[in-house]
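Let's take a walk through this protein together. Have a look at the model below, and then we'll go through it piece by piece.

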Amino acid sequence: MSDATERPADADAWADACAEDLASEKARRRAQYGPPPGSAGDELRKLFGVVADKVNEFQSSLPGVAAQSAVQQLVNQAKSAVEPVLQRNPQVFDHLAAAGGELLAAYRSAVEGQERRWTQGTEEPSGPSKKSGDPRDDEPGGGEHIDLD
């Protein structure tokens with residue numbers, strides 16, 4: 001046999017070994033951490049299910065039939081608004097979850113940077129430099145009335 005005919009067998013053995021290792025690692029993680037979360041749409045369905053169950057539990061403690069039916073109607077409206085979107089475009093909520101994560105990271109970065117400047121006492125002006133030579137820049141700020149009519 002030549003080297004050319006042995007390589008596919010080695011490549012298959014390597015791929016098989018990698019697949020076995022990956023499967024065993026996934027099984028170990030599932031045992032240690034539980035099942036991985038589903039898509040954002042699946043998680044939203046689960047959330048609505050849990051909320052609906054809790055609402056049903058608390059309905060008996062709500063005074064009056066009107067309050068109970070109003071809460072049930074609110075839950076049903078939320079479910080009916082989200083369910084068609086989940087069925088037609090399940091990726092929408094995955095993208096929204098990713099976008100929310102990005103927004104949270106950007107906000108966290110901005111807040112941490114500002115807190116660092118506050119705690120270090122190095123608040124830097126965010127506007128243009130005040131060394132423009134204009135005498136109005138030396139005066140403390142005051143508003144200027146602009147007539148928009």
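**Salt bridges and beyond**

Searching the whole structure turns up two salt bridges, a salt bridge being a side-chain nitrogen of Lys or Arg within 4 Å of a carboxyl oxygen of Asp or Glu. Before we visit them, a word on what you're looking at: this is a predicted model, where local features need pLDDT of at least 70, side-chain atom pairs count only at pLDDT 80 or more, and totals for chains, interfaces and linings use all residues. Residues are numbered from 1 along each chain as its sequence is written, and side-chain values use heavy atoms, with hydrogens and water left out.

In one of them, the side chain of Arg28 meets that of Glu25 at 2.6 Å, N to O. Both residues sit in helix 1 (residues 3-33), three residues apart, or about one turn of the helix. In the other, Arg29 pairs with Glu25 at 2.9 Å, N to O. Arg29 and Glu25 also lie in helix 1, four residues apart, which is again about one turn. Through shared partners, these salt bridges join Glu25, Arg28 and Arg29 into one network.

How covered up are these residues? Buried means under 20% relative accessible area, exposed means over 50%, and partly exposed is in between (1.4 Å probe, protein chains only). Arg28 counts as partly exposed because its relative accessibility is 41%. Glu25 is partly exposed at 29%, and Arg29 is partly exposed at 47%.

Now zoom out. The protein chain has four helices and zero strands; helices (H or I, at least four residues) and strands (E, at least two) are DSSP runs, numbered from the N terminus. Of the 149 residues in the chain, buried ones make up 8%.

Some of those buried residues gather in a nonpolar core, meaning a set of buried Ala, Val, Leu, Ile, Met, Phe, Trp, Tyr and Cys residues joined through side-chain atoms within 4.5 Å. The largest has five residues: Leu44, Phe48, Val82, Leu86 and Phe93. Helix 2 (40-59) and helix 3 (65-88) each supply at least two residues of this core. Leaving out residues up to four places away in sequence, Phe48 touches Ala78, Lys79 and Val82, where a contact means heavy atoms within 4.5 Å.

Last stop: Val55, which is in helix 2. Val55 counts as buried because its relative accessible area is 13%. Leaving out residues up to four places away in sequence, Val55 touches Val71, Gln72 and Val75. The C-alpha atoms of Val55 and Val71 are separated by 7.4 Å, with the two residues 16 apart along the chain.
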